[in-house]
Amino acid sequence: MTNAPTPQHVAIIMDGNGRWAKQRGRPRTFGHAEGVEALRRTVEAAGELGVCYLTVFGFSTENWRRPAEEVTALFDLLRLYVAHDLDKLVAEGVRVRIIGSRAGLQPDIAEIIDHAESRSKHNDKLNLTIAFNYGGQDEIARAARRIAEDAVAGKIAPSEINPAHFAAYLDTCELPAPDLVIRTSGEARLSNFLLWQAAYAELVFDDVLWPDFGKASLERAFAEFRHRERRYGGHGSEQA
Ligand code: IPE
Ligand code: IPE
Ligand code: MG
């Protein structure tokens, strides 16, 4: 038994910008700028291939460990991408969401995010979610904090808390779980991406560096996905 031809929710760890730039003797920020081009290609390809949800990892809660000028460049690229592409995305029926911690973000970034989310909220052709200042552990801890606050306020009883209930407190509460997580650049780890949500995702690791990613890479990952058998702890296709 094989999977549906297209995963409904594809999540991508866009990695390898720095190495791509280094191979060309250019600064890391050049690689990040090219990474935005790859993102544009991928959003377009995902729509063409019938993906409903595309979630991309743009900046992790651990990426603050990088030099300040690289962090600034990454924030500038988010501003630029959203400001420059929002009209086109909205016209194409894309709903934009940004997940991650809003704490520590400059007020103008928070405004850009709110604007993009509210302007695109009636769209449903493709759900594009950008994980920015996002860490899976941070997201789970923030959710736990809000549940604890609701429990203290008497809104929920601790005995009611179960996985479905908990998931409603996550940043991804409006999204289905990812079917496929792709990581580029040959690294085989999650680096704190969608820790809760990827419990039963198929993982595909591609050696391509993110700035070289495009429709062909996406199709290659889908071909691999189709050959996986998802069992969710059961017996899969052997099940009577
Ligand atoms: C991915 O590329 C972009 C971010 C993590 C923000 P990297 O900057 O991690 O590139 P490499 O892994 O150093 O090549
Ligand atoms: C993960 O990549 C974060 C993003 C792609 C935004 P990193 O390059 O930060 O991950 P590590 O440090 O190699 O695990
Ligand atoms: Mg990296």
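Visitor: Which elements each supply at least two residues of the lining of the largest pocket?

Guide: Please note that this is a predicted model. In the largest pocket, α1, α2, β2, α3 and β4 (126-134) each supply at least two residues of the lining. Helix α2 provides the largest share, with 5 residues.

Visitor: How much space lies in the largest pocket, and which residues that line it are the closest to its centre?

Guide: The volume is about 700 Å³. The lining consists of 31 residues, and those closest to the centre of the pocket are Met14, Phe57, Gly58, Asn63 and Arg66. By class, this lining holds 13 nonpolar, 10 polar and 8 charged residues.

Visitor: How many residues surround ligand 1, and which are the closest?

Guide: To read the surroundings of a ligand, one lists the residues with a heavy atom within 4 Å of it. For ligand 1 there are 13 such residues, the closest being Asp15, Gly18, Arg19, Arg28 and Arg66. Their classes are 2 nonpolar, 6 polar and 5 charged.

Visitor: Which polar atoms of the protein lie within reach of the oxygen atoms of ligand 1?

Guide: Here one looks for pairs of N or O atoms within 3.5 Å. A polar side-chain atom of Arg66 is 2.7 Å from an oxygen atom of ligand 1, and an N or O atom in the side chain of Asp15 is 2.8 Å from an oxygen atom of this ligand. Gly16 takes part through its backbone, with an N or O atom 3.4 Å from an oxygen atom of ligand 1. Of the 380 Å² of accessible area that ligand 1 has on its own, the protein covers 86%.

Visitor: Which element gives the most to the shell around ligand 1?

Guide: Helix α1 gives the most, with 3 residues. The elements that give two or more residues to this shell are α1 (17-23), α2 (28-48) and α3 (68-91).

Visitor: What are the residues around ligand 2?

Guide: They are Ile13, Met14, Asp15, Phe57, Gly58, Phe59, Asn63, Arg66, Arg183, Arg189 and Ser191. Sorted by class, this shell has 4 nonpolar, 3 polar and 4 charged residues. Strand β2 (residues 53-60) gives the most, with 3 residues.

Visitor: What volume does the second largest pocket have, and which strand gives the most to its lining?

Guide: The second largest pocket has a volume of about 280 Å³. It is lined by 14 residues, of which Ile98, Ile99, Arg102, Glu117 and Asp171 are the closest to its centre. Strand β3 (residues 94-99) gives the most to this lining, with 5 residues. By class, the lining of the second largest pocket divides into 5 nonpolar, 2 polar and 7 charged residues.

Conventions: Residues are numbered from 1 along each chain as its sequence is written. Chains are lettered from A and ligands numbered from 1 in the order in which they are written. This is a predicted model: local features need pLDDT of at least 70, side-chain atom pairs count only at pLDDT 80 or more; totals for chains, interfaces and linings use all residues. Side-chain values use heavy atoms; hydrogens and water are left out. Helices (H or I, at least four residues) and strands (E, at least two) are DSSP runs, numbered from the N terminus. Ala, Val, Leu, Ile, Met, Phe, Trp, Tyr, Cys and Pro count as nonpolar, Asp, Glu, Lys and Arg as charged, and the others, Gly among them, as polar. A polar contact is a pair of N or O atoms within 3.5 Å; within protein, one must be able to donate a hydrogen and the other to accept it, and residues adjacent in sequence count only if both atoms are side-chain atoms. Accessible areas come from the Shrake-Rupley method with a 1.4 Å probe; for residues, only the protein chains shown count as cover. On a 1 Å grid over the protein atoms alone, a cavity is a set of points where a 1.4 Å probe fits but cannot get out, and a pocket is an open set with protein on both sides within 12 Å along at least five of seven lines; lining residues have an atom within 4 Å of a point. Grid points are joined across faces, edges and corners, and a volume is the space filled by probe spheres set on the points.
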